[in-house]
Amino acid sequence: MPSLFCFILDFYRTMDVRSELSKTQLFQNLELLANQIVEGFVSGIHKSPFHGFSAEFAEHKIYNPGESTKHIDWKLFAKTDRLYTKRYEDETNLRCHMILDNSASMYYPEISKPSLDNLNKIGFGVLAIAALMQMLKRQRDAVGLSIYSDAYDLYFSEKSSERHFQTLYSKLNEVASIPRKSGSTRTYTFLHQIAEKIHRRSLIFLFSDMFQTETEEAKLFEALRHLKYNKHAVVLFHLLDDRHEIQFDFENTPKRFVDVESGQHIDLYADNIKEAYQKKVLMYQNELKLKCAQYKIKYVSVDINSDFSQVFNTFMIERQKFA
């Protein structure tokens with residue numbers, strides 16, 4: 001990226017104090033919260049196209065004469081005097097791998113009491129992944145998880161067992177509840193490592209703000225391309241605080257902008273650099289979109305101040321295409 005853009009990105013991320021996400025009740029039961037989010041946004045909208053009789057009960061339907069009587073619910077017949085058959089969700093065997101950027105810049109903005117209407121980037125990413133896991137769990141799909149920061153923090157291969165899901169929820173809860181310390185991040189390094197670990201064809205979701213201390217475009221884009229190897233389908237959810245990180249909407253009073261990764265700071269009036277900042281951010285975002293299109297990666301810009309519907313809609317479309 002141009003040097004001016006590197007300079008601006010390094011210093012705009014937090015205002016006045018470093019971000020800390022205190023441990024609150026919001027993430028105490030992540031699975032329950034994720035289930036509530038899914039029910040609120042998806043119930044009545046998305047019906048699984050995978051209806052068979054191999055796995056998990058989904059719903060009743062009226063029995064039609066001539067159909068097999070094998071799946072008639074006789075207990076329900078005794079209560080209602082009407083014939084219904086049980087419909088089940090098929091076992092689709094989809095493999096999905098979630099990647100979460102846990103670098104210091106993901107803890108912007110500062111949130112003292114997170115809520116569904118008040119999240120920073122890491123909180124949004126954690127809840128989005130937890131909710132997608134709920135949707136995948138209902139289809140008996142296998143889910144894996146990778147988390148990186150200034151190191152490759154953890155990797156779990158794709159599994160579909162209940163114990164595995166509980167482990168992933170526990171790890172996501174830890175991420176959401178423990179503030180991240182400062183430290184530089186080389187996203188491209190860890191994306192290469194993750195790509196080497198995912199051997200079987202998978203649907204990959206990357207949640208990241210795509211900011212790093214060493215902004216080396218060629219290496220970053222090459223790492224994104226590496227994720228596509230082995231016929232994987234890749235979706236990049238580009239998490240941003242639209243008001244501050246895109247619009248640069250700050251009061252025009254003296255502010256100290258602190259880089260949460262390096263600790264460096266700069267004092268300035270926001271209006272003095274607003275135009276140049278917005279221009280550089282737009283250039284970078286457009287180039288990222290073009291590179292994703294070139295590598296056949298689905299690029300989705302997500303404002304963390306919005307709800308999760310954009311994530312869910314993208315997931316359902318990509319899942320249908322991948323199946």
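Me: What makes strand S9 (residues 233–240) and S12 paired strands?
Reply: They're joined by 6 bridges and run parallel; two strands pair if DSSP finds at least two bridges between them, so these count as paired. Val235, for one, stands opposite Lys298 in S12. Strands here are DSSP runs of E, at least two residues, and helices are runs of H or I, at least four, both numbered from the N terminus. Mind you, this is a predicted model: local features need pLDDT of at least 70, side-chain atom pairs count only at pLDDT 80 or more, and totals for chains, interfaces and linings use all residues. Residues are numbered from 1 along each chain as its sequence is written, and side-chain values use heavy atoms, leaving out hydrogens and water.

Me: Why are S7 and S12 said to stand at the edges?
Reply: The open sheet has 6 strands, ordered S7-S6-S5-S8-S9-S12, with mixed pairing. Strand S7 (152–159) and strand S12 (298–303) each have a single partner strand, so one side of each lacks a neighbour in the sheet.

Me: Why is Glu245 called buried?
Reply: Buried means under 20% relative accessible area, exposed over 50%, partly exposed in between (1.4 Å probe, protein chains only). Glu245 has 0% relative accessibility, so it's buried. Its place is in helix H8 (residues 242–246).

Me: And what makes the Glu245 side chain's link to the side chain of Lys121 a polar contact?
Reply: You need a pair of N or O atoms within 3.5 Å; within protein, one must be able to donate a hydrogen and the other to accept it, and residues adjacent in sequence count only if both atoms are side-chain atoms. This pair comes in at 2.6 Å, so it qualifies.
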